[in-house]
Amino acid sequence: MLNWLRSPASDTQVTHGQRLWLYVFATIVMILLVTPTVIVIPMSFSDSRFLEFPPQTWSLRWYRHFFGSEEWMQAARTSFEAAFLTMLVATPTGVIAAYGLHSSRVPFVRAAFMLLITPMMVPVVLVAIGAFYAYVKLHILYTMTGLVLAHSLLALPLVLIVTGSALKGFDPNLENAARSLGAARWKAFLTVTLPQIRFAVVTGALLSFLASFDEVVIAMFVSGGDNPTLTRNMFNALRDQIDPTIAAISTMMVLLTTALMILAQIFGQSKKDG
Amino acid sequence: MAAADMSAPDMNAAGLRRDERFERLRLFGLSSPALLLVLVILVLPVGWLFYVSFIGADGSFSLENYARMINRKSYARIFWTTFEVSVLTTGLCVLIGYPFAYFLAQLPQRFANLCLITVLLPFWTSLLVRTYAWLVLLQKNGLINNWAISLGLWDEPVKLVHNLNGTLIGMVHIMLPFLILPTYGAMRAINRDYINAAANLGASPRRAFWTVFLPLSTPGLFAGALMVFVLCLGFFVTPAVLGGGRVIMVSMKIVSNIELFVNWGAASALGVVLLVLTGGLLWIASRFVNLAAATAGGAH
């Protein structure tokens with residue numbers, strides 16, 4: 001141990017001992033970063049009406065409450081449906097836009113790209129009240145269509161950036177070769193280009209699913225009536241009281257997110273290997 | 001005959017050029033569904049908000065919605081709170097995030113990737129889940145109060161949530177990844193030979209850090225800090241839950257103006273100010289750093 005402390009940590013002869021404060025600090029930061037994400041998991045299995053850690057008695061009470069409640073189940077169905085449809089709308093829209101902007105060399109490509117990533121920059125409250133107003137006029141307030149369109153707007157920049165950067169690393173001559181051999185442009189895209197960027201497309205799809213599933217503010221304004229989303233109901237419950245059912249929902253959301261992200265990592269990894 | 005021969009290649013060239021222009025426009029047209037979506041759901045409604053912000057209570061053109069922000073004390077306090085929370089959050093994120101990114105950058109790549117999971121895990125997790133977790137941890141009989149009392153740090157439960165403290169704790173936790181990721185990226189890209197060269201020329205490790213490493217890492221730090229600041233300005237969920245009504249930021253006033261008072265004029269004017277501030281900052285920043293690259297990590 002002592003030897004390790006005296007050994008150099010960098011090329012400039014700073015020892016591990018001199019860096020000890022940094023290691024301690026970083027460990028604390030890592031614990032603080034992760035704790036709030038994982039602490040709800042054991043808490044959700046408590047039998048108590050009050051959230052406690054560690055739980056005195058274990059039970060699935062709050063999970064039973066969630067799955068037994070028509071209101072929560074309805075909200076979960078709405079959230080999954082919205083996230084799935086958002087994925088189906090945002091992914092193709094974003095991919096063909098990324099391809100179009102990438103291969104078209106008109107002067108206003110850069111301006112169009114900036115416009116398409118603005119949903120990421122504009123404060124989400126503004127997007128929400130703007131959509132709320134527009135939906136009143138279009139008569140799609142509190143409908144699934146409206147919710148999916150607004151969520152697709154948020155997901156679009158994610159798909160665009162991920163597939164756009166994959167296209168930059170793709171050799172356009174491969175597609176040109178296919179076309180000189182007689183393939184139509186759309187066919188060359190589907191059979192040559194798309195398979196090359198498929199990992200980015202899948203990552204973009206997963207990100208758009210999550211973007212919709214986790215979204216709160218827009219859902220607060222444009223989802224309501226008979227089909228509020230899970231996050232909207234959770235937010236309203238949080239303002240009133242600390243309901244342990246939310247710990248159970250949170251646990252399931254953490255697991256879902258982690259699973260999707262591991263999936264995205266696996267896709268990203270195989271891209272590097274192949 | 002001869003004249004026709006002369007002009008045929010020219011005509012062909014012109015035709016090809018026309019075809020190419022047409023082809024380019026057709027390719028550009030592929031982005032039209034995306035552009036249409038942004039136009040209908042974002043640009044037009046925000047444009048309408050802009051218009052409404054200049055309409056007074058009597059329906060004619062007026063600046064009363066903006067005058068209200070200057071005349072009323074409550075609005076000044078909201079802007080001050082927003083500014084205060086954003087500056088403090090950004091400052092704390094820099095103080096915590098920079099040394100942490102430095103720590104990651106000094107580790108061997110494999111080990112750093114492992115530690116990076118602790119940054120990415122909260123980054124992916126739903127904002128609402130993390131806010132809820134802090135609410136639980138910080139409440140009066142929460143984990144932190146209980147532990148601190150049993151360790152003897154303080155005698156009776158301290159109010160950690162439903163105030164500025166809780167808001168800041170939650171927001172720093174949520175914003176940290178936005179600072180750490182670009183800063184770490186910039187640090188990884190620094191060629192270690194520069195530091196070694198500085199050391200070779202007689203600089204102490206401290207001096208090599210301050211005069212070589214720090215300046216080379218600032219573009220990443222700057223991009224991250226700006227991202228955090230801009231996101232803080234328009235933040236809603238975390239301050240609304242952890243602030244418990246005592247920390248009122250611009251975005252919350254916009255929401256309450258619509259939900260409680262149905263005052264579109266006041267809400268729109270606040271929205272326009274928020275948008276101009278955000279857009280202005282991003283515009284200034286875009287001249288220094290590549291924003292698309294800085295945000296590519298995902299901003300959900």
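**Figure 1. Domain 1 and domain 2 of chain A in the predicted model.** The centres of domain 1 of chain A and domain 2 of chain A, taken over C-alpha atoms, are 35 Å apart. Domain 1 covers residues 2–61 and domain 2 covers residues 70–240; the bounds come from an automatic or database domain assignment. Residues are numbered from 1 along each chain as its sequence is written, and chains are lettered from A in the order in which they are written. In this predicted model, local features need pLDDT of at least 70 and side-chain atom pairs count only at pLDDT 80 or more, whereas totals for chains, interfaces and linings use all residues.

**Figure 2. The contact between chain A and chain B.** On chain A, 75 residues are in contact with 73 residues of chain B (C-beta atoms, placed from the backbone, within 7 Å). The chain A side comprises 56 nonpolar, 15 polar and four charged residues. Here Ala, Val, Leu, Ile, Met, Phe, Trp, Tyr, Cys and Pro count as nonpolar, Asp, Glu, Lys and Arg as charged, and the others, Gly among them, as polar.

**Figure 3. Packing of helix 10 on helix 13 in chain B.** Helix 10 (residues 205–233) and helix 13 (residues 264–286) of chain B pack at about 170°, with axes 10 Å apart. Axes are lines fitted to C-alpha atoms over the stretch in contact, and angles run from 0 to 180 degrees between N-to-C directions. Helix 10 of chain B is therefore roughly antiparallel to helix 13 of chain B (an angle over 145 degrees). Leu226(B), Val230(B) and Leu233(B) of helix 10 meet residues of helix 13 including Leu274(B), Leu277(B) and Thr278(B). Chain B has 14 helices and zero strands; helices (H or I, at least four residues) and strands (E, at least two) are DSSP runs, numbered from the N terminus.

**Figure 4. Tyr142(A), a residue with positive phi.** Tyr142(A) is not a glycine, yet its phi is about 65°. The residue lies in the loop between helix 7 (124–138) and helix 8 (144–168) of chain A. Tyr142(A) has 15 other C-beta atoms within 10 Å and is partly exposed; buried means 20 or more such atoms, exposed 12 or fewer, and partly exposed in between, with C-beta atoms placed from the backbone.

**Figure 5. His162(B), in a loop of chain B.** Phi of His162(B) is positive, near 65°. His162(B) is placed between helix 7 (143–150) and helix 8 (164–188) of chain B. With 19 C-beta neighbours inside 10 Å, His162(B) is partly exposed.

Definitions and conventions. Two residues are in contact if their C-beta atoms, placed from the backbone, lie within 7 Å. Angles under 35 degrees count as roughly parallel, over 145 as roughly antiparallel, 65 to 115 as roughly perpendicular and the rest as oblique.
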